Structure formats: C-alpha cells, structure tokens
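Please keep the sequence and the structure in view while reading.

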Amino acid sequence: MFRNMAANKPAIISKVGIGTFVDPDLEGGKVNTITKEDIVNKINVFGEEVLFYKCPKLDYAILRGTSSDEDGNISFENEALLLEGIHIASATKNAGGKVIVQVEKVVKRGSISPKEVKIPGILVDYVVVVEDIKNHMQTFDEQYNYGYINNNALFSDSVISFPLDERKIIARRCAINLRKDSKVLNYGIGMPESIALVLKEENQNMNFIPTVEPGAVGGIPMGGLSFGASFNPACILEQPTQFDFYDGGGLDMAFLGLAQCDQYGNINVSKFGSKLAGCGGFINITQNAKEVVFCGTFTAGGLEIAIENGKLKIIKEGKTKKFIKNVEQITFSAELAKKNEKKVLYITERAVFELRKEGLTLVEIANGIDIEKDILNNMEFKPILAKEIKFMNKEIFLNKPMGLIF
C-alpha cells in the first residue's frame, strides 16, 4: 500500500482479507461505529471478487536510521530491520508531507556508500540526532545486538535452555509436524517463537529456513520485545518485499498464535472486547501459506500443568475458555481455508484439532488427559471427534531432546 501511495495510485487491489473482519460483507475493517466512510470495497475483477483498499494521503512520516550524511542520505547499518522506510518516505514526500528521520549520528558528505543509502536525502526534510543513545535502542528490549545485523555471531546455548512447560510442549508438537519438503517457514509472535528454539535444541534448525514478517530470512527468529529481529539472518529484506513473497504463496508452513477459536474453526487474534490488538500480517500469512498451524494453550489466565511419568496433568485450569461458540472477530476464515483445501491444524498442550471438510475435528490428545473432563468441559461447543483419536507423541513429554531427524 505504501508503494502504491508513493506512485499516487488510488488503491491497492488484493484477495487478502476476504472472509475476515476487513471484508465489507462483515465489518469492512471498521473498528467502531465512528467510521462511517467505507475504507474497503469489494469489487469484481475478471469474474473474481477482490478487495479494493483505498490509499490515504500522508502528512508526516517519523522514521529512523543509523546515520545521516550532510545531505540527509540515511543508512541503516545498525538497524535490525529495513521495514518500509523508503516507501513511507516516498509516499509522504509525494503527498506534500514532511519526513523526519531519527539517527545516531551525522557523517560527512559522501562517506556513506551509495548502496548503503536506504532513504535518499531528496526524501528527507528533517534529521534528528539522538542526544542519548539509550533513546535509539535496536529493539524494544535490547540496546544493540551484533547478531541481529550479521551472520557470524556466536549463539549462546543458554538461550535455548527453557523448561518443559506448556510452551515447550506446544512448540515440540509443532516441530513434529514439519517435513523435509516444508523448508520455508514463518513464526508468529507469542507461542510460535519457541519452535525455533526447539529446532535449535534438536540440532535440526539447519534443515529449515525461518522467516519473520518484518523482513528477516534465515537465522533464529527472536521473541518477546525483540520479535521481528533474527539472530544470524541470511538476509534482511524490506518488509513489502517479504509480503510480496508471502502473498504469492511462498511460505510452505506458518505457525501463528491461537487466542480464540470458534465452532467453525475461525480464529480471532485481533480484538477482545474493547481491546484492539490488531491483525498485523496475520491475515496475509494465514490466508496464503500452503499449510497453517495455530498454536496456543487450551485455556488462558492462570493455567497450571504438571508432567508426571510422561503424562500431562492439569493442576489448575485457566479462567478463560479459548474455544468458544463464536469468535469476537474473524481474523482467519475457516470457510475460505476449506474452500481452498488448505491444511490447518490447531495445537494446544493437551489436544490437537484439524480443520476438515465436515468441520473442526479433535484428532489427538495428550497421554493423561480425559476427553470429557479436560477438553469438552472447557469448550463452549462440541467439536467433531475423529473415529480414531491418537495420543500425542510420548517424546514430547520427556525432559530430554526428542531426537528429531528430518
């Protein structure tokens, strides 16, 4: 969209979003009743329904880089990501707006290699140099990490040491779902972050190429407040280029969070009551990846588990049910996924569901789990039960590497 705005195009046409809350047949992307104007329209192109997203005009862009020369040419040598800085700057400038860029330092004219300039000075109105480097952190969590901008850093083994809890159980079950032909992956924020650490622990990370939506390819995707950065990445793309690849179906498999799931298999990660979390790249990724795995705990808010002799035990149930009758907002359309014959799994610490033609189907449970007591009683609907419900792999629940080999 920023690229289209820069070229003064009126809109962007895309199939991304059909069947979700941004579809005009549902909510049209409107957060509340204050928005009266339609911001998304559905049109017919060559006999196919697509969404028509209107491009707004930008008044100001507030961006950041690492260095600026005396002509305002901006380099990104210490930035973990390129994002869409050049496109936002171009869109703002061409709309008559002002572009402000924060940097660590100003260097002499001509001292930045032309290939290292990511935003040219012709697009920059103001350069702001930070007085305190603490106000120019590389991520929300770290001041600077050499490994986020290089591919030869040493990875501390302590980073991959994490306890056998519900997060690790889910991540392990997700990792088992991988195949040799599922090379190019995406990890979403939250629960999916741990999958990369499981693969590292199993010495299998070299068999897959993880990507994250802000632009990193390869390496080990980081989590928490450093999400978006990757340690020892092979490449750092501009975010729009990454999404061209995603939207075109380049991902073999994507692992995304599971906040709410309804009786149809729809997922909501974007709105909860008055809280607007937003969808980020969730719709693009889940709609276009060849296979999708949603992962998260079965309930939320105080869930406590234990593992005894390789069996899962629920010590304290979470206060909030995540499998509810109808999601508050559709961020992933199960109907569209079934229409496109997409393979979709829903993985929790105690149960695995599959989206089948007939609906959401329970296909696996953890050893030690009672279907009626621990699963059905904690759902607002009854899923379809597979004819043969299998037990999750026992190696998942042992406090040692699983011995994964692909």
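Which residue of E6 stands opposite serine 68? The residue is isoleucine 74. The model is predicted, so local features need pLDDT of at least 70 and side-chain atom pairs count only at pLDDT 80 or more, whereas totals for chains, interfaces and linings use all residues. Residues are numbered from 1 along each chain as its sequence is written, and side-chain values use heavy atoms, without hydrogens and water.

**Strands**

Helices (H or I, at least four residues) and strands (E, at least two) are DSSP runs, numbered from the N terminus. Two strands count as paired if DSSP finds at least two bridges between them. Strands of a sheet pair through backbone hydrogen bonds, either parallel or antiparallel.

Strand E5 (residues 67-69) and strand E6 (residues 74-75) are antiparallel partners over 2 bridges. Both belong to an open sheet of 4 strands in the order E8-E5-E6-E9, with mixed pairing. Strand E8 (105-107) and strand E9 (117-119) each have a single partner strand, so one side of each is left without a neighbour in the sheet.

Strand E2 (residues 40-45) and strand E3 (residues 48-54) also pair in the antiparallel sense, over 6 bridges. Asparagine 44 has glutamate 49 in E3 as its bridge partner. The hairpin of E2 and E3 has 2 residues between the strands, and phenylalanine 46 in this hairpin takes a positive phi near 55°.

**Cavities**

A cavity is a set of points, on a 1 Å grid over the protein atoms alone, where a 1.4 Å probe fits but cannot get out; its lining residues have an atom within 4 Å of a point. Grid points are joined across faces, edges and corners, and a volume is the space filled by probe spheres set on the points. The whole structure holds 2 cavities of 30 Å³ or more.

In the table, Ala, Val, Leu, Ile, Met, Phe, Trp, Tyr, Cys and Pro count as nonpolar, Asp, Glu, Lys and Arg as charged, and the others, Gly among them, as polar.

| Cavity | Volume | Lining by class |
|---|---|---|
| Largest cavity | About 80 Å³ | 5 nonpolar, 6 polar and 1 charged residues |
| Second largest cavity | About 50 Å³ | 5 nonpolar, 1 polar and 2 charged residues |

The lining of the largest cavity includes Ile18, Phe332 and Lys342. Helix H6 (282-288) and helix H7 (334-339) are the elements that give two or more residues to this lining, and H6 gives the most, with 3 residues.

Among the residues that line the second largest cavity are Phe76, Ile119 and Glu238. Helix H2 (85-94) and E9 each supply at least two residues of this lining.

Terms used: On a 1 Å grid over the protein atoms alone, a cavity is a set of points where a 1.4 Å probe fits but cannot get out, and a pocket is an open set with protein on both sides within 12 Å along at least five of seven lines; lining residues have an atom within 4 Å of a point.
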